[in-house]
Amino acid sequence: MNPLRKPILPDASAKSLPMIHPHKLALGLALGLTLGLGASLGAQDRLLLKGAKVFTGKGPFQEGLQILVVDGKIQKVGKDLSAENSTVVDVSGKWITPGLVDANTSLGLATTHTNEQSNETTPHIPILDAIDPRAANFKRALGMGVTSAYVSPGGMNVFGGLGVVLKTAGPQLSERIILDKTGLRMTLGAMASSGNRSFRGGNPDSMFYRRPTSRMGVIWEIRSQFYKADAKRASGQGFDPEKDPATRTLIAALDGKLTVRTTARTDQDIRTALRLAEEFGIRIAIDEGTEAYNSLDQIAAAGVPVIASPPSVSQHPDRAERHLDTIKLLADAGVVVAIQTGQGLGALPLIREASFAVRYGLPRERALEAVTSVPAEILGVSDRVGSLKEGLDADIVVWDLNPLSVFSRPESVYVGGKLLHDGKAKKTKKVTSPRRGTPRKTRL
Amino acid sequence: MTAIPLIGGSVGLACALALSSPLPAAYQGSEGDLLPPDVKIDWFGPAKTKAAKEAPKAALRKAGSPELLKKLLGNRRATFLKVDRYFLPSHKAKDAAILDSEGGWLAFVGSRFQAWFPKVPNGAKAQAKARMLDLTNESAKAFLLPGLCDADSRFFRSSSDLRDSGLTLATPAAASIALWEKGWEDLPLTTGITTLFVPAGTAATSSGHGALVGLSLRPLMLQPKGGLSYRISSLGSRGTNLSRDQVVKALDKAFEAAEKYKEAKEKFDKDLKEYKKKRKEYLAYYKKNPMKKGAKAAPAKAASTSRKGGRRRVGLTPAELAAIRKLPREQQRKAMQDLMRKKAGTAQAKPAAKDPKAGSKTAKTSGKAPARPKFPKRVPENPQYESLLSVLDGKDFLRVEAHRAGEIRALLELKKKHALDKLVIVGATEAWKLPEAIAKSGALVLLRPDTLPSRGYDLLSEHLPAQAALLSKADVPVCFGSAGRREAGSLPLMAARAVAHGMSETQALEALTKTAWLASGGQGNAMVIFSGDPLSPDARVLCVLDPMGLRHAGGQK
Amino acid sequence: MIQHDTARHAADSSAADRSTAVILNIGKSMNRHHSRLPLATTVWIVATLTPWMAAQSSSLKPIVIRAEKAWLEPGKSLERARFTIRGDAISEVDQFEKGSKAGSDVISGAVLTAGFIDLHNQLGPTNELAEKVESFTPELRADQAYDPFDARWKRVLAQGITSLIYAPSNTSIAGGQAILLRPGLKPEKDAPATYVKFSLTREAQSTYKRPTSLVGAVDYLRESYRNLRSRTPRNLGAAELILATTVGGNSSVGIACNRPEEIQAALELSKEQNLDSFLILGDATGQFDPRILDDVLPTLAKEGKRLLLPALGSKSSQRAQALPAQLAKQGIPFAFSAASDRNNGINKCQWTMAMAMRSGLSADKALAALTTTPASWAKISDKAGSLYKDRQADLCLWSGEPWDLRSRLLLVVRAGKIVCDARPEKDTPMKDSPTGESHR
């Protein structure tokens, strides 16, 4: 059986937390309404892209496919579509992919304080509150074809919080959110305990004199939290989900309604992650998995997806040793693998990381899947983005060359059917030097 | 703000200037290079048209003739601007500043100002080939005045550069001015500031010549060698362990040394003249009376003779070298030396051999031989003294940062002692303690917001203008400098505060234009048109006329 | 300029000064004639009689001020206005006849405005306005840290500020209650809390206590509201009682924020908890992230949020100067906080108006942002912010339009007492510096 077909991904009902705050729900409804309204206003927006080679999210590039976009959604992908009433964009000789999906980033997080460090376990804290929607790195990501990204809480806590999947461009932050409070960040290894101090030296008043300070301690913290949550779930007494969102979140994870994004870099952490998944029955996805090449069979057997660390980066946290062909090996072993640019690792743009993986043996189609449809499925947003299919958001990237070429650049990036990045347009950058341009010169 | 395309053409600036308040003698009269003549810089070369050449000098004060009007209206290259009021200061003490509330049409051809017309008939306006621009409207009075000048700017220099404590008097700011630096672009159109004086340094005790930069479509270096900066106050200064007293004394000594240097230079010039004269005689004598055999050679071609007693380097031919190489190794060196010595001997002997023939011809005419003249002692060029000399000669301004009353008093004494014509007291926190003395000495005062009496309170908003008002009441010429980038924008507002404290509006406008030019050693060349009184808070810059053209701010009202 | 207070407990009264002088003279003469009378007795007499004398003299003699023009409220002026002040209220407003001469006891000037109101004042010892061990302390009241005898209130008064809201500092996420005060006057016993101060700025994020991050700060506030809901009203503690008043907009909340993401979080929080909130922009030095101009203004306009801006000065960036005009254009309500923590310089109000106007703000809106708008936010519109009969006698007399930097503030009346008199005829020759300030 093709591992990609395995039902590892959340079903539709798991997309929002079951115990979501009622006013949040109302907000979501209102949002939906406004979005719908916006769409109906632009009813005339019909766009037909034709002439390019198209990668739909699966399989190879196909010649002769046309894409019809209506009201910001893909209405049809097929041959010889009717161009009636629509703006036809002839992109002959170009290459089209779905908007790329980056499954782990810190886009928009201007501060390094992305974790609330007064507590090691902050599973319920949403990262959305700390996102600067117009941060420059969103624009850079968009300019390299990334239209959707998962923004993750930091990894300084054992349970860091809840991430959010959002578009990299759009008018308002609220309209850019694809899925909020998704993916519970759980960090294994040394990083989660790194802020805590031992009793040797220092000021004993600090709130950082606390467990865990070791790798074992981190795992115990995870276990104890899950035990507590499990006990509360089982007894059902003395627990009000409204009052205790942390436990609520952990129970959602235990119920399999929330993917636990487990950051595991070294081999022992990866194996621990698999053990924890088995022990508590939680649905995990391994983040980074830098040393996954050592436990290929176990990962494949557990059916756990890996969101692999960027292959071009040589220095990894936890002193994990990178192998250049890890992604290829994972794919060969039948593991569902996506590629991420990660948080503060100094990675190349996502598409270049895919090229890097191709350079070290990953088949081209798999590489493109690993930055489009596969991450969308892992994130649970494959009904919105990640493929060029009927009914999905019209997030389309037109590349001038084969995107996996190191010279490729997006010529145009459509987000929700709107051209939000035009690579051909003259840079609208401000004049940096009066030698080159002259401000406010008016002549008749 | 968006730019509204309004007019084109290059409207160069020319203005006749006049003023009301008296200035110290040092700033008036014959120092032609200090301030430009009435009709000013033409950035596009000398006037080509006959009309331009005939442009009346104080044209703004005299309406143009109907003939000229007709001619200009028919000129496609001409531009007419209609304003309500204008303020045109001059460096001449007796001239009243033109602060005219009538306004009228100002005519330009190309870059040059032509004439002022109180009225242009409607019919003529309609048929005119010239561009007619009416900048007046009902809600605001268009007010034309020279572009404002920030006499102590921090643009175009990096802060580390300015704070360099290793600067000397010979370091010109122009050498490290980054004219491509951005950030200034909005300044003319938001505040009307079109000229900036950039000092060489702000922290060193002595730093060199500042530069005057005009803001146009791009920054223009108007005067690369402006006022010389010196600093007495220890307020935040670095790189010196001298006390204030020592710093003043050092400046005094520097001037004394510069005076000695000047004397030495003059003496050298004199001696050199003498030497040249004597040398001519000496050479003439030996031309007539060639040297006898065996006599020491006259330095007929002093420049061409080699340095050390005629010893010349002699080369060996390849054949000779080959012969030497054949010798045993120990002997090679000696053989080479011998050979070279031998060859050198023959080379010198050759010209000597010719002498007897030449000598025999003129031997009889010899008189008393003149002594060989000695070259006078050179004065090594000292760029620092040169800089000080430019101050002593009254060419450049000396801008001294001094804050305490004692420092200022010492400075005024120094001015008297060395007869310094042009002195600007920068900062001058305590100048209000001795306004009369400063007025009598004829020094300028440059006030800037960073000279606050204490750090705890932000007295900027009142201290500076109160001081400005007080000083100008005592007839001390005052100008303003921002000493910062952001602060530059509020210079006109500071002047407005000074008015609140009793400075007259004319004085306040002069402080932003004329006096600032004086303190900067050059004049800007742009004109600014405000909507209404430039000192009122709701005034906007309507447009800036500068050598590169006319820019319109698109301001409301 | 500003009357110095002779007796500490009569700190607010210029009339008291006069009476004190009288009593002191009596004391002196008593001393002279009855040289045995100890000094302590004199002091006692002075101390007992001063308040009584002050009350007597102020009730006897009204203050009459006339101005060529009075801005009753922004956009509404009264020509040749005459104001009579009795006690601490405006007792009469009428017009004087054209060309009539003012009597010697009538104060005259060009323009009269209401005293300014500062919605976010933190003047005082910086450390006293926040708890350092805990960040969530809504039960604290800022007036406990207020020292009416701080010499710097002179400066605040000299700018024309006659009412202010004394607020906890930005270093606590819920620092406490901001209290309405009169600068230099002792606070009333039960001075009402005007708003509860929240802060989402980086200043409130610590490295040694909760919260350490923006997400943590928001979570802390959310958790507090959550706990509030889960308790019965009986069990509420002091902090929770205060927090409870903010739910549903019973009392307003001022949220300090500087960066786009902080503003975003503040908007989200107020929407979630249904708060009647306004955003306080600017850190302790009055600086804020200029990106909000591009990024957050549309959101603010959509949400209809109120914005409290820091004072402008010559160090303000071009973008900060342009902000008020942009807000006015987009219809976002705003007010100026004239004297924030360190911006307690002279004339900040006038500078702020002038600089905002230079970037295109209209004069009426500039004046409103210091008078009527803050008055309505502080819910004291019936007392302050405008010049009508029976309003509090808080007035500023100017030599020209208040927003024109060429005019001067001549006179400030706070609660019926002249607290700052800088009329030219009163100008003493400069003793120490041009501003009359001692800087030694």
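Student: Before anything else, what makes a residue count as buried?

Tutor: A residue is buried if 20 or more other C-beta atoms lie within 10 Å of its own. Keep in mind that this is a predicted model. In chain C, which has 440 residues, 54% are buried by that count.

Student: And which secondary structure elements does chain C have, and how many?

Tutor: Chain C has 12 helices and 15 strands. Among its contacts with a separation of 6 or more, 71% join residues 24 or more positions apart.

Student: How should I read a nonpolar core?

Tutor: Here's the general idea: in soluble globular proteins, nonpolar side chains tend to be buried together. Now for the case here. The largest nonpolar core holds 359 residues, and those touching the most other members are Val337(A), Ala354(A), Ile425(B), Val445(B), Ala495(B), Ile529(B) and Leu112(C). Helix 13 of chain B, residues 491-500, gives this core its largest share, eight residues.

Student: Leu112(C) is on that list. What is Leu112(C) in contact with, leaving aside its neighbours within four places in sequence?

Tutor: Its partners are Ile65(C), Ala67(C), Ala70(C), Trp71(C), Ala81(C), Phe83(C), Leu387(C), Leu395(C) and Leu397(C).

Student: Which domains is chain C divided into?

Tutor: Domain 1 covers 8-60, domain 2 takes 63-114 plus 389-426, and domain 3 runs over 117-377. Strand 1 (63-73), strand 4 (106-114), strand 14 (409-414) and strand 15 (417-421) of chain C each give two or more residues to the side of domain 2 that touches domain 3. Strand 14 gives the most, with three residues.

Student: How many residues are in contact between domain 2 and domain 3 of chain C, and how far apart are the centres?

Tutor: On the domain 2 side there are 17 residues, in contact with 19 residues of domain 3. The C-alpha centres of these two domains of chain C lie 30 Å apart. By type, the domain 2 side has 12 nonpolar, two polar and three charged residues.

Student: Last one: how do I read a pair of packed helices?

Tutor: Two packed helices are described by the angle between their axes and the distance between the axes. Take helix 6 (residues 244-288) and helix 9 (residues 383-392) of chain B: the angle is about 95 degrees and the axes are 9 Å apart. Angles of 65 to 115 degrees count as roughly perpendicular, so helix 6 and helix 9 of chain B are roughly perpendicular to each other.

Student: Which residues meet there?

Tutor: From helix 6 of chain B come Ala254(B), Phe255(B), Ala257(B), Ala258(B), Glu259(B), Tyr261(B) and Lys262(B). They meet Tyr385(B), Leu388(B), Leu389(B) and Leu392(B) in helix 9 of chain B. This contact divides into nine nonpolar, no polar and two charged residues.

Conventions:
Residues are numbered from 1 along each chain as its sequence is written. Chains are lettered from A and ligands numbered from 1 in the order in which they are written. This is a predicted model: local features need pLDDT of at least 70, side-chain atom pairs count only at pLDDT 80 or more; totals for chains, interfaces and linings use all residues. Helices (H or I, at least four residues) and strands (E, at least two) are DSSP runs, numbered from the N terminus. A residue is buried if 20 or more other C-beta atoms lie within 10 Å of its own, exposed if 12 or fewer, and partly exposed in between; C-beta atoms are placed from the backbone. Two residues are in contact if their C-beta atoms, placed from the backbone, lie within 7 Å. A nonpolar core is a set of buried Ala, Val, Leu, Ile, Met, Phe, Trp, Tyr and Cys residues joined through C-beta atoms within 7 Å. Domain bounds come from an automatic or database domain assignment. Ala, Val, Leu, Ile, Met, Phe, Trp, Tyr, Cys and Pro count as nonpolar, Asp, Glu, Lys and Arg as charged, and the others, Gly among them, as polar. Axes are lines fitted to C-alpha atoms, for helices over the stretch in contact, and angles run from 0 to 180 degrees between N-to-C directions. Angles under 35 degrees count as roughly parallel, over 145 as roughly antiparallel, 65 to 115 as roughly perpendicular and the rest as oblique.
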